[in-house]
Amino acid sequence: MKPISYARPTTVEQAVTTVTARPRTVFLAGGTTLVDMLRIGAMEPDNVVDITWLPLGGIEHTPEGGLRIGALAKMSEVAAEPGVVERYPFLSVALWKGASAQLRNMATMGGNLMQKVRCAYFREPGQACNKREPGSGCAAVDGIHRGHAILGTSPMCFATHPSDVAIPLVALDATVTVWGPRGERTIGFDEFFMLPGNTPHLEHPIADDELITRIDVPPLPFAANSHYLKVRDRESYEFALTSAAVALNVADGTVVDVRIGLGGVGTKPWRARTAEAQLIGKAATTANFAKAAAAELAAADASHPMNAFKVELAQRTLVRALEIVRPQVYPLGGFK
C-alpha cells in the first residue's frame, strides 16, 4: 500500500477545506469499507481526512414525528434506538441484518450510504471495471455475475448496490443533507444514488469536497407496520440476493397506502413505485401482491443466466414481506 497523508480536522469547515486544498483526498469515517479498498488497491488516494471526531452523530426525533440521523451515528446505535424500533421497525431490522456486530459498532450511517459495490471485479485491480477505471470494460459480463443486479442495469455495469439500510430509507422518502464550499444542500434519497448508464463511476450527485452531515426521515405513521425481509445464501454476515422493505396501511381489507424498497436486485436502492401504484386501492390479497410484484419486475434484465433466478426470487420476497405486515383477519369462532 502506498504512503498516504493523514489529517484529523475538528470541524466540518476544516474537513471540507482540507479536501478542497488537496487533490485525490477521501473522507474516512468508520473505515469499514475504505480500509479494505486501500488494502487491495481498489482505491489509491493520496490523502485521507479522518472525520470521526466531527460533531455529526446522534439521533433526534423531530416535532413532526420524523427522524434526524447524524451522518456519523453508528449503525448499532440507530438500530437499537427505541423510537426507531417502535416507529420504523424495518429500518432497525435492516441495520441489524446489514453487517456483523463488530462492523455495526464501527460503521456510520453516512459511510454506509457511500460504501463501494461488492462486485469482485471492482475489487480486483487486475480486472476490467468501468466503475473503477472508466472505459476499461466490465469483466463481470462474461464472468461470475450471480450476485449482480437485474434492475437499473446498463451494458457498462450491473453491479448491485450493497446497502441494506438504504432500502427502507428509499421507501421512506428520506433526504440526505451535504455541506461544502458552496454551502448546504439537501438531496432526495432516490436522487442521491445514480444509475450507471454510460458513467458508472459517477455514483452520487455530490462533489468530492461535499460531506454528508445528516439523514432526515419524514414522519410516516404507518411505518410502525413494516418489515425488512432479506434472502441470502447464509443467515449471518452475507449480502442480499434479494430483499424487500415494506410498510403497509390497510383499512377494511383495502390497501390505503404502501411503501416498498427492493434490495439485492438494483444498481441502486430500488423504489418499487410500479408495485406501489398497483396496490393502492386494491384488496390486500396474496394474488394482488403477486400481480404488483410481477409488474415491478417486468422490466428486469434476465439475460444473464447466472442471476436470472432473481426475477422470481425478488417477486416471492416482496409477496412474503407484504404478507407478513398484512393485518390478520380471523374467522368467527376460532383462530387461524
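Biologist: What volume does the second largest cavity have?

Modeller: This is a predicted model, in which local features need pLDDT of at least 70 and side-chain atom pairs count only at pLDDT 80 or more, while totals for chains, interfaces and linings use all residues. Residues are numbered from 1 along each chain as its sequence is written, and side-chain values use heavy atoms, with hydrogens and water left out. A cavity is a set of points, on a 1 Å grid over the protein atoms alone, where a 1.4 Å probe fits but cannot get out, and a volume is the space filled by probe spheres set on points that are joined across faces, edges and corners. On that basis, the volume of the second largest cavity is about 80 Å³.

Biologist: Which residues are closest to the centre of the second largest cavity?

Modeller: Lining residues are those with an atom within 4 Å of a point, and the second largest cavity has 15 of them. The closest to its centre are Cys119, Cys129, Cys138, Cys157 and Ala159.

Biologist: How do the residues of this cavity's lining divide by class?

Modeller: Ala, Val, Leu, Ile, Met, Phe, Trp, Tyr, Cys and Pro count as nonpolar, Asp, Glu, Lys and Arg as charged, and the others, Gly among them, as polar. Sorted in this way, the lining of the second largest cavity gives twelve nonpolar, two polar and one charged.

Biologist: Which residues are closest to the centre of the largest cavity?

Modeller: The whole structure has two cavities of 30 Å³ or more, and the largest has a volume of about 150 Å³. Of the 17 residues that line the largest cavity, the closest to its centre are Lys131, His161, Met194, Glu203 and Thr267.

Biologist: In what order do the three strands of the open parallel sheet stand?

Modeller: Strands are DSSP runs of E with at least two residues, numbered from the N terminus, and two strands pair if DSSP finds at least two bridges between them. β1 (5-7) and β2 (25-28) are the edge strands, each pairing on one side only, and three bridges join β1 to β3 (residues 47-50) in the parallel sense. One of the residues of β3 is Val49, the bridge partner of Ala7. The order is therefore β1-β3-β2.

Biologist: Why is one side of β9 and of β12 left without a neighbour in the sheet?

Modeller: These strands belong to an open sheet of four, ordered β9-β10-β11-β12, with antiparallel pairing. β9 (226-231) and β12 (270-271) stand at its edges, and one side of each is without a neighbour because each has a single partner strand.

Biologist: How many residues of strand β8 are buried?

Modeller: Strand β8 (residues 211-217) is joined by four bridges to β5 (residues 67-70), the two running antiparallel, and Leu67 stands opposite Val217 in β8. Five bridges join β6 to β8, also antiparallel, with Thr177 opposite Arg214. β8 is mostly covered, and its count of buried residues is seven of seven.

Biologist: Does Asp252 count as buried or exposed?

Modeller: Asp252 lies in the loop between β10 (242-251) and β11 (254-263), and its phi is near 55°, a positive value in a residue other than glycine. Exposed means over 50% relative accessible area, with partly exposed in between this and buried. Because its relative accessibility is 83%, Asp252 counts as exposed.

Note on methods:
1 Å grid on protein atoms, 1.4 Å probe; cavity = no way out; pocket = protein on both sides within 12 Å on 5 of 7 lines; lining within 4 Å. Buried < 20%, exposed > 50% of the residue type's maximum accessible area, 1.4 Å probe, protein only.
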